[in-house]
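Here is a short briefing on one protein model. Keep the sequence and the 3D view open as you read.

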Amino acid sequence: MRAIELSYPWGSNNLNIVERPDPKPAHGEIVVRMRAISLNFRDTVIIAKGGYSAGGKDAPPVVPFSDGCGIVEAVGAGVTRVAVGDRVSTLFFPNWDGGPPTPAKREGPLGSPGAEGAGRDLALFPEIAVSKVPDYLSDQEVATLPCAALTAWRAMFVDARLEPGDTVVLQGTGGVSIFGLQFARAAGLRTIVTSSSDEKLARAEQLGASHVVNYKRTPEWHKAVRDFTNGRGADFVMEVGGAGTLSESLKSVRLAGHIAVIGVLTDATAPPAKLSASVMIGTSARVQGLSVGSREMFEAMCRALALHQIRPVIDRVMPWTEARRAIEEMENGSHFGKIVLSFDA
């Protein structure tokens, strides 16, 4: 088998394809022949920016990427969740079956030290690390679900409990925000999408965005949100920017609204946020950080996807052997939706 390995001194230049022995499943384990992988912003932090650099010189290589789709090729004794021939998606947090998050449930996210990820053509996983998926989706589409789709789903419908007619602000046109736009349209929500690209905003409108704002031309975009909502503010904001945008989100949200903090895209370049305690008190908003979700949430999301026949938006597909180039393209931010690596390409 072949695998993508990230090794010391980390960084994308140390992302290489290596040969390994074919895996054999032990009790409770399965072998999955991977068909596709999708990239997340997390991967650029881990790989390109040395997110695992604390491991030091003696740290073993990491097989990266949390999100993938494949076919179960072999099962060990005691496996009950899946059978040979089943098509499955990986799960970001294998130990989180349901209920609220706990430190134990969030241990061992795929693609991190000690929990090898989807970047290999034959992947050995514990059976709890995968879930069956809807038949109507392609392998490449399934690969986009574990992180970006589930993050959007949890933020909007588990944590914020949005209802038809609510107004949501979706920052940018990356994977999470585009899934948020698709979920919002299916659920009867009004959407406001922000981006610095008019071309991307036009594509968002084609996907059903109710309103769009170019934040380069309108840096105080909370005023546009207030205008669109007759001064009331949005019920929900998908906060992906972090330090550079949180203040605008607080000014955009309605009284007692919900801000889901799921990204830190601006944290490396933006100065420390100057947040006013009076603004936070005045909004009475709930500001909640979150990271992906449980198997229970994933399976509920898949039922909703199948009911509404929602198809993930894939910007480009590249061969899995070009993971290094894909990470670089992810970093430049030109994508709309998801970047996918295919084992068939």
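The points below go from the whole protein to its sheet, then to single strands and residues.

This is a predicted model, in which local features need pLDDT of at least 70, side-chain atom pairs count only at pLDDT 80 or more, and totals for chains, interfaces and linings use all residues. Residues are numbered from 1 along each chain as its sequence is written, and side-chain values use heavy atoms, with hydrogens and water left out.

**The whole protein**

- The protein has 10 helices and 15 strands. Helices (H or I, at least four residues) and strands (E, at least two) are DSSP runs, numbered from the N terminus.
- Its radius of gyration is 20 Å, close to the 20 Å that the globule rule gives for 345 residues, so the protein is as compact as a globular protein of that length. The radius is taken over C-alpha atoms, and the rule is 2.2 Å times the number of residues to the power 0.38.
- Along the principal axes, the C-alpha atoms fill a box of roughly 60 × 45 × 35 Å.
- Of the 345 residues, 54% are buried. Buried means under 20% relative accessible area, exposed over 50%, and partly exposed in between (1.4 Å probe, protein chains only).
- Among contacts with a separation of 6 or more, 70% come from residues 24 or more positions apart. A contact means heavy atoms within 4.5 Å.
- The protein exposes about 14,400 Å², and carbon and sulfur atoms supply 51% of that. Accessible areas come from the Shrake-Rupley method with a 1.4 Å probe; for residues, only the protein chains shown count as cover.

**The six-stranded sheet**

- Six strands form an open sheet with parallel pairing, in the order β10-β9-β8-β11-β12-β13. Two strands pair if DSSP finds at least two bridges between them.
- β10 (211–214) and β13 (286–289) stand at the edges with a single partner strand each, so one side of each has no neighbour in the sheet.
- From one strand to the next, the twist averages 15°. Axes are lines fitted to C-alpha atoms, for helices over the stretch in contact, and angles run from 0 to 180 degrees between N-to-C directions.
- Four bridges pair β12 with β13 in the parallel sense. Ala260 stands opposite Gln288 in β13.

**Helices on the sheet**

- Helix α3 (residues 145–159) packs on the sheet and touches β11 (234–239), β12 and β13. Its direction makes about 155° with that of β11.
- Helix α4 (residues 175–187) lies across β8 (167–171), β9 and β11. It runs at about 160° to β8.

- Thr194 sits in strand β9 (residues 190–195). It counts as buried because its relative accessibility is 3%.
- Leaving aside neighbours within four places in sequence, the contacts of Thr194 include Val169, Leu170, Tyr215 and Trp221.
- His258 belongs to strand β12 (residues 253–261). At 6% relative accessibility, His258 also counts as buried.
- Not counting residues up to four places away in sequence, His258 touches several residues, including Asp159, Asp235, Arg286 and Gln288.

- Strand β5 (residues 87–90) is covered on both faces. Arg87 and Ser89 on one side are buried, and so are Val88 and Thr90 on the other.
- Strand β4 (residues 67–75) runs antiparallel to β5, joined by three bridges. Ile71 stands opposite Arg87.
- Strand β7 (residues 130–132) is also antiparallel to β5, with three bridges. Thr90 has Val130 in β7 as its bridge partner.
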